[in-house]
Amino acid sequence: AETSDYTNSGWDRGHMAPAADMKWSEKVMFESFYLSNICPQNRGLNGGLWLSLEERARYWAKKDSSIYIVCGPIMDDVYETIGANGVAIPKGFFKVICKKYKGTYVGIGFIFPNENCSGDIFDFACPIDKVEEISGHDFFYILPDTVENTIERSFNLKDWY
C-alpha cells in the first residue's frame, strides 16, 4: 500500500492503533502513520463512533491503568479495493477490550460496519466470543480458561460507564 492509493478514493486512512495513543513518544506517534497500521475506513465512522470508542478507551486506560486492547479489520472473502496497489476495503472493524477492575477481569467487544454509523458506541457492543467468531481470532487466551471464558461469554455495561 501507498498513501497515493487513498488519494481521491473516498476512504480515510483509519488507524488501528490511534496516533493520539502514542503521544508519549514522537517517534512512536510518527510510526503510527505507517500503512501497516492503517485500513480504508469510512469517513463518517473514522471521525464518528470509531473516534468516540478510541477516546473512551483512552479514558478507561487512564482510569484503570491496566487495559488490553486488540482491534482490526473484518474481511470477507470477496472485497473491493482501492488504488493501484489494490488495498482491500474491510467490511467492518472490531475492537476487544479487557481490564482488571477491582481485582476482577471484565471484557467487552465491539463490531462496527465500515459505514457511517449513528447512535452510541454501546449500540455496537457485544460479547468477545462474537468478535472471535467473526474475526477468527482467539483473544486473551493467556488468561486462565475460567477467567477467559467468563469475560468472553458476556459483558455488563455497568463495568464500562
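Contact here means heavy atoms within 4.5 Å. I note at the start that I am working from a predicted model.

**Entry 1: helix 3**

I began with what covers the buried residues of helix 3, and the cover includes strand 1 (12–15), strand 2 (38–41), helix 2 (43–46), strand 3 (67–74), strand 6 (92–101) and strand 7 (104–113). The buried residues themselves are Leu-49, Trp-50, Leu-53, Glu-54, Ala-57, Arg-58, Trp-60 and Asp-64. I was glad to have the general rule at hand: an α-helix has 3.6 residues a turn, so residues three or four places apart point the same way.

Next I checked the span. Helix 3 covers residues 49–64, 16 residues, and its first and last C-alpha atoms are 22 Å apart, close to the 22 Å expected.

**Entry 2: aromatic pairs**

How many aromatic pairs does a search of the whole structure find? I got eleven.

Phe-94 is in strand 6, while Phe-139 is in the loop between helix 4 (128–135) and helix 5 (145–153), so the pair ties together parts 45 residues apart in sequence. Phe-94 and Phe-139 are buried.

I also followed the ring pairs onward, and they join Trp-50, Trp-60, Phe-93, Phe-110, Phe-112, Phe-122, Phe-124, Trp-160 and Tyr-161 into a cluster.

**Entry 3: lysines over rings**

Which ring lies under the charged end of Lys-95? I found the ring of Trp-50, with its centre 4.8 Å away. For Lys-99, I found the charged end over the ring of Trp-160, 4.4 Å from the centre.

I traced an open sheet of four strands in the order 3-6-7-8, with antiparallel pairing. Strand 3 and strand 8 (125–126) are the edges, each with a single partner strand, so one side of each has no neighbour in the sheet. Strand 6 and strand 7 pair antiparallel over ten bridges, and Ile-97 stands opposite Ile-108 in strand 7.

Last, I looked at helix 4, which lies across strand 3, strand 6, strand 7 and strand 8 and runs at about 45° to strand 7.

How values were computed: Residues numbered from 1 in each chain as written. Predicted model: local features only at pLDDT ≥ 70, side-chain atom pairs only at ≥ 80, totals over all residues. Heavy atoms only, no water. Helix = DSSP H or I, 4+ residues; strand = E, 2+ residues; numbered from the N terminus. Expected span 1.5 Å × (residues − 1). Buried < 20%, exposed > 50% of the residue type's maximum accessible area, 1.4 Å probe, protein only. Phe/Tyr/Trp six-rings, centres within 6.5 Å; stacked < 30°, edge-to-face > 60°. Lys NZ or Arg CZ within 6 Å of the ring centre and 35° of its normal. Pairing = 2+ DSSP bridges. Axes fitted to C-alpha atoms, helices over the stretch in contact; angles between N-to-C directions.
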